[in-house]
Amino acid sequence: MPAKRQANVADLNVPAAFKVELFRDSHVPIDSDEIYRSATDMMVQVTDRPLMEPWLDTDWSSPVGDSGIYIRHTSYGRDPSRLYTQYIIWGLNHILLSMTLLDRYCQTIAILKYRENLVGEIHIAKRPPGGETRSAQDPSALMMFNQRMLGSLSYINFDVKITYSAKPLPKKLVYLTAIKAMGEACEKGLPAVVPGMSTTGIQQVTWKLIAMSQSARTIEAGYSRMAVIKTLARMVSDEHFSEVFVWAKVDGHAAGIGGFTQGTERFSLNTTT
């Protein structure tokens with residue numbers, strides 16, 4: 001029998017012409033939780049914009065700790081910026097994948113180039129002295145994180161119901177997979193109609209959202225982005241990172257089913273309810 005066709009399982013479409021050079025300062029360590037939360041907040045906002053929209057210098061401060069992520073653009077001639085949404089998505093995913101694989105979380109500068117031309121930089125660094133620092137256990141920090149994540153969502157009447165399983169998942173890999181899933185949805189085009197979206201990260205940690213029934217065989221790629229944002233916000237708020245099953249609704253109607261899993265396939269395109 002032919003293999004079952006899966007949802008959109010392709011990785012981010014990074015061309016060979018796009019290069020990232022990393023410069024690490026291991027003498028300035030940064031807590032991994034600070035980095036992942038800053039990156040999540042950043043990706044929520046970045047993936048809500050068109051792929052070829054140029055960005056000027058922008059900062060994202062971690063809602064916990066004293067670090068942040070800062071993008072710096074490069075201009076050519078009359079162009080105000082050549083740092084596009086697409087490049088930021090590729091660059092941030094590259095940095096986080098490298099940090100996660102090496103388990104090295106420290107001050108880092110990423111130089112982004114396209115066709116050998118400098119297009120911008122992404123800095124992960126400590127904030128200048130004098131800024132407010134919050135503990136990861138500070139309830140107001142968690143509230144701020146969730147508000148910032150959910151504040152820019154495109155679909156107002158979008159809701160998720162989640163159920164945790166007993167199988168734990170590594171928190172870092174959940175963050176990494178969620179950030180990658182947002183980028184893949186943006187690349188696909190948030191209004192694009194698809195059978196489903198599937199993103200696999202390190203150690204087979206997978207995010208998936210697929211059409212919920214035979215009567216509604218497609219979803220918008222943006223539904224996957226919305227669902228992963230809301231699911232991750234809930235997991236952070238609950239401080240609970242395990243396999244999780246998700247039912248998504250738009251305007252009160254079933255829109256998709258999926259969740260975070262590891263290893264064994266849980267959902268396929270011919271899942272029905």
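Here are some questions and answers about this predicted model.

Reader: Why is Leu-97 called partly exposed?

Author: Its relative accessible area is 38%. Buried means under 20%, and exposed means over 50%. Leu-97 lies in between, so the term is partly exposed.

Reader: Where is Leu-97 found?

Author: Leu-97 is in helix H2, residues 85-102.

Reader: What makes the nonpolar surface patch?

Author: Leu-97, Leu-101 and Leu-102 make it, and its area is about 290 Å². A patch residue needs over 30% relative accessible area. Leu-97 has 38%, so Leu-97 passes that cut-off.

Reader: Which strands form the open sheet, and in what order?

Author: There are five, in the order S6-S11-S12-S9-S8. Their pairing is antiparallel.

Reader: Why are S6 and S8 called edge strands?

Author: Each pairs on one side only. S6 covers 158-168 and S8 covers 196-200. On average, neighbouring strands of the sheet are turned by 10° against each other, direction ignored.

Reader: How do you know that S9 and S12 pair?

Author: Pairing takes at least two bridges. Strand S9 (residues 205-210) and strand S12 (residues 253-262) have six bridges, so they count as paired. The sense is antiparallel. Trp-207 stands opposite Phe-260 in S12.

Reader: Which strands does helix H4 touch?

Author: Helix H4, residues 171-188, packs on the sheet and touches S8, S9 and S12. The direction of H4 makes about 140° with that of S8.

Reader: What does helix H5 lie across?

Author: Helix H5 (residues 221-238) lies across S6, S8, S9, S11 and S12. H5 runs at about 55° to S6.

Methods:
Residues numbered from 1 in each chain as written. Predicted model: local features only at pLDDT ≥ 70, side-chain atom pairs only at ≥ 80, totals over all residues. Heavy atoms only, no water. Patch = residues over 30% accessible without salt bridge, like charges linked within 9 Å, V, L, I, M, F, W, Y side chains within 5 Å. Areas by Shrake-Rupley, 256 points an atom, 1.4 Å probe, with all protein chains shown as cover. Salt bridge = Lys/Arg side-chain N within 4 Å of Asp/Glu carboxyl O. Helix = DSSP H or I, 4+ residues; strand = E, 2+ residues; numbered from the N terminus. Buried < 20%, exposed > 50% of the residue type's maximum accessible area, 1.4 Å probe, protein only. Axes fitted to C-alpha atoms, helices over the stretch in contact; angles between N-to-C directions. Contact = heavy atoms within 4.5 Å.
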